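Hi,

Here is the structure I promised to pass on. Have a look, and my notes on it follow below.

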Amino acid sequence: MATRLMMLLGMIALCMSGVAGQYNYDEVLEKSILFYEAERSGDLPANNRIPYRGDSALGDQGNQGQDLTGGWYDAGDHVKFGFPMAFATTTLAWGILEFRDGYEAAGQYNLALDSIRWTLNYFLKAHVSDNEFYGQVGDANTDHAYWGRPEDMTMERPAWSISPSAPGSDLAAETAAALAAGYLVFRDSDAAFANNLLAHSRTLYDFALNNRGIYSQSISNAAGFYASSAYEDELAWGAAWLYRATEEQEYLDRAYEFGTTTNTAWAYDWNEKIVGYQLLLTTSAGQTDFLPRVENFLRNWFPGGSVQYTPLGLAWLAQWGPNRYAANAAFIALVSAKYNILASESEQFARSQIHYMLGDAGRSYVVGFGNNPPQQPHHRSSSCPDQPAECDWDEFNQPGPNYQILYGALVGGPDQNDQFEDLRSDYIRNEVANDYNAGFQGAVAALRAIQLRDGK
């Protein structure tokens, strides 16, 4: 009884703070974009805004010497995992498309475009032929044994591709989705770039369709980190994005062919796109068949649904990255609300989750933002002192804050009782990742757009 009372009081306090609490969404958006800039690999531009970062991994190449420089490092490490990178890019592009007014009000629209252009250009490089796409650069096991700056890496960085003999429908179709979403973002401002993205998207989708297989069975080095469970959801997801980009019936038919599941999605994340294509087809193609599944997903996440809540109000799905799951669900809820799908409940739920991460629970979970933010994210380059000082496992083990502030990074989050320790060594609760910030950033842009709508 006491536990239930504590949870009820915590939820009441959260709801009150969620109504009264005010956060500077413009600042959050600015800093989230800075996080993605801190994750950049390759030859950095002259306007690089991250002073402790420089050019790195300039020797990244394919097995025939193809240029594979660029892209984002995945998390606190220096591997370029294509599957979650593509998911993050698709999700960020979706948020830019739906909530452009929020980005513009924050003065971050052009910077948001620059952010995803970085990975979209990398995907174009990685698509070395019609039937070959590089899905990973860097040996994850070797990389994880290294603690230091990406600029100082000396280990070999092998690259793995998918092909007809080593298929990866999920990876190819997710990347096709990212490229199609990128086409929609850039078609009015950079038609030549956008058309190139769409052409590659079409070819990659055909490759995914005609060469069926799970990418992490072909790229076994990824299996211990980003093992895919199926490829049908990505085939539906990629087709849904290509339909939104082209309005060609063939892609709508493919989306239905692979998206006929009657399941309600467990989550929206790098591995599961079910509610993504269900919502996309509902909102952009006017297909109401999937609407009940979207509503079921939302109700599962609302208070009283199947997802458990912490005493202070975080919808807590899993131990690893609970903030990520809640932020992604908040993003889905806010896209739904824009199209009048359970709009009031969706906005209330999403605001409570994002505000929890920004400080309603007594601390911020965003590095460099708000009250008592994390100071020891599990992240190599930001843990290093300024060059030319050495950086190795001594910096991992030092007890103080990271030497650099990884502005805008959303850390994994607390346990189911809101317990969180700001420890660099805790890679479950305190790591950061490309996919952690993607739905979070889109949700913050949506909340900024709602402020505009409500005249606040």
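Asp415 counts as buried at 16% relative accessibility (buried is under 20% relative accessible area, exposed over 50%, partly exposed in between, with a 1.4 Å probe and protein chains only). Its side chain meets that of Arg429 in a salt bridge, 3.9 Å from N to O (a side-chain nitrogen of Lys or Arg within 4 Å of a carboxyl oxygen of Asp or Glu). Arg429 is partly exposed, at 23%.

Before you read on: this is a predicted model, where local features need pLDDT of at least 70 and side-chain atom pairs count only at pLDDT 80 or more, while totals for chains, interfaces and linings use all residues. Residues are numbered from 1 along each chain as its sequence is written, and side-chain values use heavy atoms, with hydrogens and water left out.

The salt bridge count comes to 21. One of them joins Glu347 and Arg453, with the closest N and O atoms 2.7 Å apart. Glu347 sits in helix 16 and Arg453 in helix 18, so the pair ties together parts 106 residues apart in sequence (helices are DSSP runs of H or I, at least four residues, numbered from the N terminus). Glu347 is buried at 12%, whereas Arg453 is exposed at 52%. Asp60, Lys80 and Arg157 are linked in a salt-bridge network.

There is also one disulfide (a pair of cysteine sulfur atoms within 2.5 Å). It joins Cys384 to Cys391, S to S 2.0 Å, and is left-handed, with -75° about the S-S bond. Both cysteines, Cys384 and Cys391, are buried.

Cheers

How values were computed:
Helices (H or I, at least four residues) and strands (E, at least two) are DSSP runs, numbered from the N terminus.
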